[in-house]
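Here is a short briefing for a reader who is new to this structure. Take a look at the sequence and the model, then follow the points by topic.

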Amino acid sequence: MRNIKIFFSILIAALLSACDNQSGTEKVDFDREAFLVNMADEVIQPSIQDFSIKADALTSASIAFEGEQSDGNLIVLRNALKDLWLSYQHLAYVQVVPNVNLRDRVNIFPASASKIEENINTGNFVLGAASNVDAKGFPALDYLLFGTGETNAEVIAYFQQENLGSSRLQYVADLVEDIQTAADSMQEGWETYRAVFIENTGTDVGSGTSILVNEYNFQFDIRLKNAKIGFPAGGNPRTGGVLSPEKVEAYYSGWSAELAEASVLASLAVFTGESYQSGANGLGMDDYLTALSAVDRNGDDLSTAIISQTNAALEEMEKIEAPYSVVATTEGSQLVTVYNTLQAVIPLIKVDMTSAMSVSITFQDNDGD
Amino acid sequence: MMVINNQLSYYLKQQKHIAPLATFRVAFGVMMLASIIRFWANGWISKQYIEPDFFFTYYGFDWVKPLGNPGMYIIFAIMGLAALGIALGAFYRYSATLFFLTFTYVELIDKTNYLNHYYFVSIIAFLLIFVPAHKAYSVDTLRKPNLKNFRVPAWTIYIFILQLSMVYFFAGVAKLNAEWVFEALPLKIWLPSRAHTPIIGSILDYRWVAFAFSWFGLLYDLTIPFFLLWKKTRFVAYLTVIAFHFMTAALFQIGMFPYIMVVSTLIFFSEDFHKKLWAKFFPEGEYKQALLQSSASISPITKYLLVGFIALQLFLPFRYALYPGKLFWTEQGYRFSWRVMLMEKAGYSQFTVAYPEQNKFIEVFPKDYLTPVQEKMMNTQPDMILQFAHFLRDEYEIKHGEAPQVFVESYASVNGKGSRPFVDPNINLSAINRGYQNKTWVLPYQK
């Protein structure tokens, strides 16, 4: 018995000495609930709200254009589309509301012009069908409002064409209605979901943090890096591929650069928990990582590494003057540089960040890798 | 040598009461049945063995294929009945054999789902085939009263004690690494993520707690078999077993394992303890035929099988030493070694299928072929990355009539030390063979 006592005394002494060097009271000092509340009320809710307001504007503009296909109404409609598309860039990172699936609903590009025309011609289509993901949303409107004529007059003529004009206007109305419905269900869904979002302060499956991190990562990796930059510039430009300038976002309007830059800026705003309205800094993923003492492979603060690498990508994007659809026509273009700088963010957010936060992806049993 | 051999032989063949073995049989059978029901109810049969398009088989076991729907459900139903058979001691040898075969078959389908405790279950099921755990307190003895025998050779109990001790001890040895001991990793990463756990959650953010848990876990694993073996400490040790495993159950997503260990370790308790336990249910059973000697001899086949089995058990946890490089990075010799909750590893990989002469390069998203869990597991385990590359090679060969080259750009991070390039992105994985040879195509862990 005496031996056991000695053994445990030594053990406890050793344990105390191991932690007593000023790190003894060190802790992860982070208010997870305040973080989720900030993300919910300052980032997500206003983003959904803004998207909804701009969807309303698009609906009004579309109704006006349907009533009268004037030059002025066309411009108003186009601007409404652009405002909404830009607003979407932020919401795409935080579309945490279950069962809305906003991304696939409003922004699958490139749009299929032939499918859109076919739908208009037959009048026999269901926008919600999986086969129509590339015949609706912003990219479809981009085609209809920009791609159907060289000049405004030609576009207007397209909608005033004798046989198909009214079907074309109807298709625009259907597309806008579909977007409006998505915006509405996002807003309605959020009202009930907010409580669930902030309830679980852990990082297991279904917790607000894990959903947020996964949405953020997916949008950054798949929809920003791959879809907006990688595919047009030739798939994964590192290993080579076929240049596909027609695959850029907003091919017809040429807004691709603005939208992509807005997306990168939005990623930073979401990451740092910035208030959507005021731009004030709040508790974000960056603060959580810092509280966790998360570091990159050089032992430097992980949040700082993510922010500076994202900014590096933004700088490369700002150097690009021409629309991406033009830039992507040459091998080894600036888009490849952008791709590479974005790719350097991926391991940091998909590996280092999720690892530091222990974000779980499954309910399945696990005994630790 | 002869003397030692004789003593050991005497020790292993001495007559013991069957009660501890019978308790173990029932406890294990009930736990397995509960596990199967839970697995089924969670929808995991479909999720893990029916829905995936691709399965990560073990090298040498590529012929093991899932049976689809309803095949997999039938397998699990048989497994459940066999578990019940073990618990009740009904058609015991068949039940144990059938349980071992069905369970091990399922585990061999996809290494994504590898868990040390599934491996443990397979081993225990295998051992149960060879012991007469059904010779009392069982349906079989009701069916055939002649079978009844309260005496068993000691080795049939000791083998389970040895196996459990090895599990704990090797799990402890595995924790003897600098990051576990001096940096409290990976618990320092995991515990704060559990800060919302009721009652104890609030302390999990403190760094000292991660150290306390790491050190306690290490000492627990290394010493608990000995404290359980020693009569004087056994009771306190068992309370520790309960506390330890319930704590891990509350904190981590480790399923039935804690409960399996809590009931399995009852076998460390004395013959008298178990006899009293059984006397409550079968008061008349006590020693009616107790003097019947169990067959003291053990068939040579069984004997050599068991010796070989133990030797293998002693070898496997250390086979990693045969490979160069950092074990946590390459994971060569990582599985089947009782490395439980030992590291936080994460990864990312992006595959390219290439036909260079046609200037055709296709980026492939693993999520189009794999479940999220499969992808997560693959991202951190080089052998699985290679398997998936081969799968892509074969898929594209069918599609394009010609085998492509396959490259991967991958990153991994161990214990939150930052991600590093993982597999060599310039290596054409379609031309690399699978196997136990050193994986030279995994980049060394960069400082």
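## A loop serine and its surroundings

Beyond its neighbours within four places in sequence, Ser207(A) is in contact with Asn200(A) and Gly202(A). The model is predicted.

**Ser207 of chain A**
- Ser207(A) sits in a loop, between helix H8 (165-199) and helix H9 of chain A.
- Is Ser207(A) buried or exposed? Its relative accessibility is 0%, so Ser207(A) counts as buried.
- A polar atom of the Ser207(A) side chain lies 2.7 Å from the backbone oxygen of Asp204(A).

**Helix H9 of chain A**
- Helix H9 of chain A covers residues 208-230.
- Where does H9(A) bend? The bend is at Gln219(A), and it is about 25 degrees.
- Of the 23 residues of H9(A), 20 are buried, so the rest of the structure largely encloses this helix.

**Helices H3 and H10 of chain A**
- Helix H3 (residues 71-91) packs against helix H10 (residues 256-271), both in chain A.
- Their angle is about 35 degrees, and their axes are 7 Å apart.
- The crossing of H3(A) and H10(A) is right-handed.
- On the H3(A) side, the meeting residues are Lys82(A), Trp85(A), Leu86(A), Gln89(A) and His90(A).
- On the H10(A) side, they include Glu258(A), Leu259(A), Ala262(A) and Ser263(A). Ala266(A), Ala269(A) and Val270(A) also take part from H10(A).
- An α-helix has 3.6 residues a turn, so residues three or four places apart point the same way.

**An open sheet in chain B**
- Four strands of chain B form an open sheet in the order S4-S3-S5-S6, with antiparallel pairing.
- Strands S4 (360-364) and S6 (420-421) of chain B stand at the edges. Each has a single partner strand, so one side of each lacks a neighbour in the sheet.
- How many bridges join S5(B) to S6(B)? There are 2, and the two strands run antiparallel. S5(B) spans residues 405-414.
- Tyr411(B) stands opposite Pro421(B), which belongs to S6(B).
- Helix H14 (residues 334-343) of chain A packs on this sheet, touching S3 (345-355), S4 and S5 of chain B. The direction of H14(A) makes about 150 degrees with that of S3(B).
- Helix H17 (residues 372-380) of chain B packs on the sheet too, touching S3(B) and S5(B). Its direction makes about 90 degrees with that of S3(B).

**Ala41 of chain B**
- Ala41(B) lies in helix H2 (residues 19-41) of chain B.
- Ala41(B) is exposed, at 66% relative accessible area.
- Met31(B) is 10 residues away along the chain, and the two C-alpha atoms are separated by 15 Å.

Key:
Residues are numbered from 1 along each chain as its sequence is written. Chains are lettered from A and ligands numbered from 1 in the order in which they are written. This is a predicted model: local features need pLDDT of at least 70, side-chain atom pairs count only at pLDDT 80 or more; totals for chains, interfaces and linings use all residues. Side-chain values use heavy atoms; hydrogens and water are left out. Two strands pair if DSSP finds at least two bridges between them. Contact means heavy atoms within 4.5 Å. Axes are lines fitted to C-alpha atoms, for helices over the stretch in contact, and angles run from 0 to 180 degrees between N-to-C directions. The bend at a residue is the angle between axes fitted to the seven residues ending there and the seven starting there. Buried means under 20% relative accessible area, exposed over 50%, partly exposed in between (1.4 Å probe, protein chains only). A polar contact is a pair of N or O atoms within 3.5 Å; within protein, one must be able to donate a hydrogen and the other to accept it, and residues adjacent in sequence count only if both atoms are side-chain atoms. A crossing is left-handed if the near helix is turned anticlockwise from the far one by less than a right angle, and right-handed if clockwise.
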